[in-house]
Amino acid sequence: MRINDTIKTVLVNMYKKDSSEQFTGRISITKLNGNFIIGYTVEKGKLKSIFKLKNKSTLKSKSSNDDNCVHFTATTYGSNCIRLDEVVITAEAKSTILYLDPFVNEGNGDYEYDYTLDWNFGDGNPNGGGGFNSNCTGGKVLNPVTSVCECPTGYTEDSNGKCVVKCETTEDDLKKVFPNTNSTKLKEIADIINKYGKDFGIDNNEKLQHFISQAGHESDDFNAFEEYTNYNINRLHLIFSKHFNPYNNPTENLNKQNPLDYQTTGSIYANSEKLYNYVYNDANRGKKHKLGNIYTGDGYKFRGRGIFQLTGRANYQNFNTFYQNKYDANTNLINTPELLSTNNVIAVISALWFFKNKVNIDIDENTTVEEVTDKINGGDNGVNDRKQKFNKAKTNINCIK
């Protein structure tokens, strides 16, 4: 059920009291984590009790003797019963509400505060009750028509066979954030995110919005899946300040490199292979900045690739191990590292993997771009562009449709 444009869970207990075909049972509306919003008891199609918070400390069930029905307000409904031939329920969960389960100790006024429901989708009853067991696993429910275990509406199945919140985007969504990027490319990116994002916890708008804006910045609006290699030798001392002397004073510091030694013959650009083999070699890096590049040629071979530009043998190896165990045992990124930049599926998955492992905070509506950028980049590099992209994503992307 969608309440205030957010998916909630609806728990329904039905039981037969007589020969009537009208609904008898209990309904509970909760957040996805089980926190209670509002509840109802129903007998033969009539609302008998409404359980909701009257104030911060008191919960009461409201009932009426008028035709054995409940009214929300007498002025609205008069003496007419609220029938349940078709029910549309709306509710708003506010941060000040104390969440609880109205079905604990029902009827005697003794309610347990801060109680959350533990509902097994395959069982169909809260708190493990009920006698029905469909043998469905992973949060799936049995489709009574097809007799197939399926994820409930609003959920999708991840690669582990578990039901997770369905959070997806579209080509049109991405086009609003990256208007100058090829539409075909954006459609492919959206399809890959939708297929694999659920495996990496992309289950709310904020996570998707932060991921897309950070990925867009790191990949030049999804146009570059490999680190740029054309560096003007005049700027090496600005980009790699720890490694190079200024172009106009190339021997200033004997502990730094002479940029002229890296110049490509007949060009103003540095020899990229020689450059990366030097600056990315662990022997030339500080203790906190090792990349696992210990063999000759590792620096250039394992240069930045993928949407978040994985860099270094260690990162390639860690992601390769994950990818082989999770998706394809035959893929070998150590032998064929170029797949990170030429295979869009691997490029996107590598970014999802990096995002999940690096941004190890709970992302919600209060998470700032600065917080995520610091996790991704170790500082605030490009934070203004990241903010602009995030604001566009926040305006245009709603992953739960």
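Me: Are helix 3 and helix 10 parallel or oblique to each other?
Reply: This is a predicted model. Two packed helices are described by the angle between their axes and the distance between the axes. Helix 3 (residues 183-196) and helix 10 (residues 344-358) pack with their axes 10 Å apart, at an angle of about 55°. Angles of 65 to 115 degrees would count as roughly perpendicular and those under 35 as roughly parallel, so helix 3 and helix 10 are oblique.

Me: Which residues of helix 10 make the contact with helix 3?
Reply: Helix 3 passes helix 10 in a right-handed crossing. From helix 3, the contact is made by K185, E188, I189, I192, I193 and Y196. By class, this contact has eight nonpolar, one polar and two charged residues. On the side of helix 10, the residues are N344, V345, V348, I349 and L352.

Me: How is helix 8 set relative to helix 10?
Reply: Helix 8 (residues 313-326) packs on helix 10 with the axes 11 Å apart, and the angle is about 105°. Angles of 65 to 115 degrees count as roughly perpendicular. Helix 8 is therefore, relative to helix 10, roughly perpendicular.

Me: How many charged residues are in the contact of helix 8 with helix 10?
Reply: Helix 8 brings N315, N318, F319, F322 and Y323 to the contact, and helix 10 brings I346, I349, S350 and W353. By class, six of these residues are nonpolar and three are polar.

Me: What is the volume of the largest cavity?
Reply: Rolling a probe the size of a water molecule over the atoms shows where empty space is left. A search of the whole structure finds one cavity of 30 Å³ or more. Its lining includes T156, C167, I193 and K198, and by class the lining has four nonpolar, three polar and three charged residues. The volume of the largest cavity is about 40 Å³.

Me: Which helix gives the most to the lining of the largest pocket?
Reply: The largest pocket has a volume of about 1300 Å³. Its lining has 35 residues, and E227, Y280, R285, T311 and N377 lie nearest its centre. Helix 4 (205-218), helix 10 and helix 11 (369-377) each supply at least two residues of this lining. The most, three residues, comes from helix 11.

Me: How many residues in the lining of the largest pocket are charged?
Reply: The lining is sorted by class into nonpolar, polar and charged residues. There are 12 nonpolar and 13 polar residues. The number of charged residues is 10.

Conventions. Residues numbered from 1 in each chain as written. Predicted model: local features only at pLDDT ≥ 70, side-chain atom pairs only at ≥ 80, totals over all residues. Heavy atoms only, no water. 1 Å grid on protein atoms, 1.4 Å probe; cavity = no way out; pocket = protein on both sides within 12 Å on 5 of 7 lines; lining within 4 Å. Points joined across faces, edges and corners; volume = space filled by probe spheres on them. Nonpolar A, V, L, I, M, F, W, Y, C, P; charged D, E, K, R; others polar. Axes fitted to C-alpha atoms, helices over the stretch in contact; angles between N-to-C directions. Helix = DSSP H or I, 4+ residues; strand = E, 2+ residues; numbered from the N terminus. Parallel < 35°, antiparallel > 145°, perpendicular 65-115°, else oblique. Left-handed = near helix turned anticlockwise from the far one by under 90°. Contact = heavy atoms within 4.5 Å.
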